[in-house]
Amino acid sequence: MGAYQAFHQRSLSERDAFWDEQAALIDWHKPHTQVCDFSHPPFARWFVEGETNLCHNAIDRHLSARGDQKALIYISTETGIEKSYTYRELYKEVNRAAGMLHTLGVGKGDRVLIYMPMIAEAVFAMLACARVGAIHSVVFGGFAAASLATRIDDAKPALMITADAGMRGGRAIPYKPLVDEALRLAQHPPRQVIVVNRGIDKDYKPVVGRDLDYATLRKAHAEVNTPVTWLESSEPSYILYTSGTTGRPKGVQRDTGGYAVALAASMKHIYCGNPGETMFTTSDIGWVVGHSYIVYAPLIAGMTTILYEGLPIRPDAGIWWKIVEQYKVSVMFSSPTAARVLKKQDPVYLSKYDLSTLRHVFLAGEPLDEPTHRWLTDALQKPVIDHYWQTETGWPILSAVHGVEKTPIKMGTPSFPVYGYNLQILRESDATEAAVDEKGVVAIVPPLPPGCMSTVWGDDERFVNTYFTSFRSRQIYATFDWGIRDKDGYHFILGRTDDVINVAGHRLGTREIEEAVQSHANIAEVAVVGVADQIKGQMPLAFAVVKDGGKIATPELKAAQEKEVMAAVDKQLGAIGRPSRVHFVTLLPKTRSGKLLRRSIQALAEGRDPGDLTTIEDPAALDQIRVALQQG
Ligand code: AMP
């Protein structure tokens, strides 16, 4: 048995002893009395009665040894601003932000909704919430006002923190105006909003009595020290919304102690990042990768983390490698889409910079195709590690674990189940284990390891019903991904089992996009499917039935209507959900019981056979899809 296999096996067979050892990687205010309480399956409580704090572990405990070391490097190629903060400076900024929260009456258990671009204040805000025991809910800036309002109503925040605007590709992206609109739509708006005024939106106007200026509050709290609020390990640290099969996003609730331990252990065993080294994660703080590997994990590990606002190819395709050289990055974490974008650029950028400090590049969030995996490995001459995880887990499920054993990388696979995960590939029919090379559902036998979601915010029943009821005979966590295991134990992910699509690593529910399309007054019915895309992995494609056919009577009207529908999606959900095309049909393919045949539509759109059509109500509906696709 290999060293990693033994490590993994022990994490399951001697679960409590294993995690007890990992728990020593972080600071505890009070030790735990029990490693894992699994007396109410599938709910797991890790490090019971232990008290800790994420902000303390990310900042305070490093002050004596690395107060003058850089903790956060902020680089914006959009504004030209580059600024770094030592651990001591970060401590000061977070204390100021935490002081603001205290003054505004925000404390333990209160929710704070953060809707911010990639600026240092977003990191201060997250860590400040953690410091005072408030629960942050960061919403990705690409979501539009209506999506934001849904999340506000679910989290019921006491406070929101935003900025006037973000920047992307040289263009200003409004934030505050979307907050204004969301607060008009929301049933439970917070009374106050803190705004970081970057001076980008020249028309920025605070709402008197509601909007507070970050810079003014910061000044007023310049010398404030805000004590850490110790939390029992299972108390929530944050909520992060993610999409599923319904139109209503789920609030993934994360604990405190289990998350801190899982992240600290992952930095040691998976990412191999050492204190004093630099980590560069190219995600956005609005996604789980940003939470875990821009903010919390590198800081918990005493590393320097880079927060980058900008595109990977601006000012040129060498910008990320320039950052690697300049800041001696040793661990990099990016996405397959970014790798595919870089693959299309001039290869000269990959040899222009000194990448000798770089040890590994990790990619996650969507399937990594074998040619891109091979290309990046050859281009960088470094191990490129594909690893697989979900918002729900907060850290990797499948990965090479090179801190334990340098197992060979097989192209196109995220390797092996990570320690702590009792991962099985199960037959959908009877929940028995699939054979080698047989496709099945990727499932995790509970308890989920530390760091994974503890429940759906405010809805324990939804947690159980969504994730643990796929197999009638066994209460097992379903990832909703298909997978196979080969004879060498390597795992391959083969796409989702549900109606969720993945656009450039961003998970979107087709139902969510359909609801946004239907927000247009002339749309009666719609089907949205994810269609393979060379760069983004998948793109949404819509087939819609209109109420008033007169509005699409000529090609010009049709084109105008399509534009309007896309604009409706932008407004309702955000441009990330905008379909690449909206085709108009008079009938959608459905089963006799009225279920949309999304898989058949998707197959046709990808030039494949539509599969079993015995249940279709009217075959003419598929002909319309064919014609629409042919006409382009
Ligand atoms: P999210 O929660 O938005 O990160 O999306 C998680 C989903 O992304 C998973 O359920 C998979 O469908 C997909 N995914 C994430 N990482 C990988 C990977 N390395 N390979 C294949 N699919 C992935």
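**Close-up views of a strand and a ligand site**

**View 1. Side chains on both faces of strand 11.** In this predicted model, Q192, I194 and V196 point one way from strand 11, while V193 and V195 point the other way. Whichever way they point, all of these residues are buried. Strand 11 covers residues 192-196, and because five of its five residues are buried, the strand is largely enclosed by the rest of the structure.

**View 2. Strand 11 beside strand 8.** Let's look at one of its partners. Strand 8, made of residues 159-163, pairs with strand 11 in the parallel sense, and five bridges link the two. To find one of these links, look for A163, whose bridge partner in strand 11 is V196.

**View 3. Strand 11 beside strand 12.** Here is another pairing to trace. Strand 12 (residues 211-213) runs parallel to strand 11, and three bridges join them. Which residue of strand 12 stands opposite V195? That residue is D213.

**View 4. The residues around the ligand.** Now we move to the ligand. There are 14 residues around the ligand, and H387, T391, D481, R496 and R507 come nearest. By type, the shell contains four nonpolar, five polar and five charged residues.

View 5. For D481, a polar side-chain atom lies 2.5 Å from a ligand oxygen atom. On its own the ligand has 490 Å² of accessible area, and the protein covers 94% of that.

Methods
Residues numbered from 1 in each chain as written. Predicted model: local features only at pLDDT ≥ 70, side-chain atom pairs only at ≥ 80, totals over all residues. Heavy atoms only, no water. Near = heavy atom within 4 Å. Polar contact = N/O pair within 3.5 Å; in protein donor to acceptor, adjacent residues only side chain to side chain. Areas by Shrake-Rupley, 256 points an atom, 1.4 Å probe, with all protein chains shown as cover. Nonpolar A, V, L, I, M, F, W, Y, C, P; charged D, E, K, R; others polar. Buried < 20%, exposed > 50% of the residue type's maximum accessible area, 1.4 Å probe, protein only. Helix = DSSP H or I, 4+ residues; strand = E, 2+ residues; numbered from the N terminus. Pairing = 2+ DSSP bridges.
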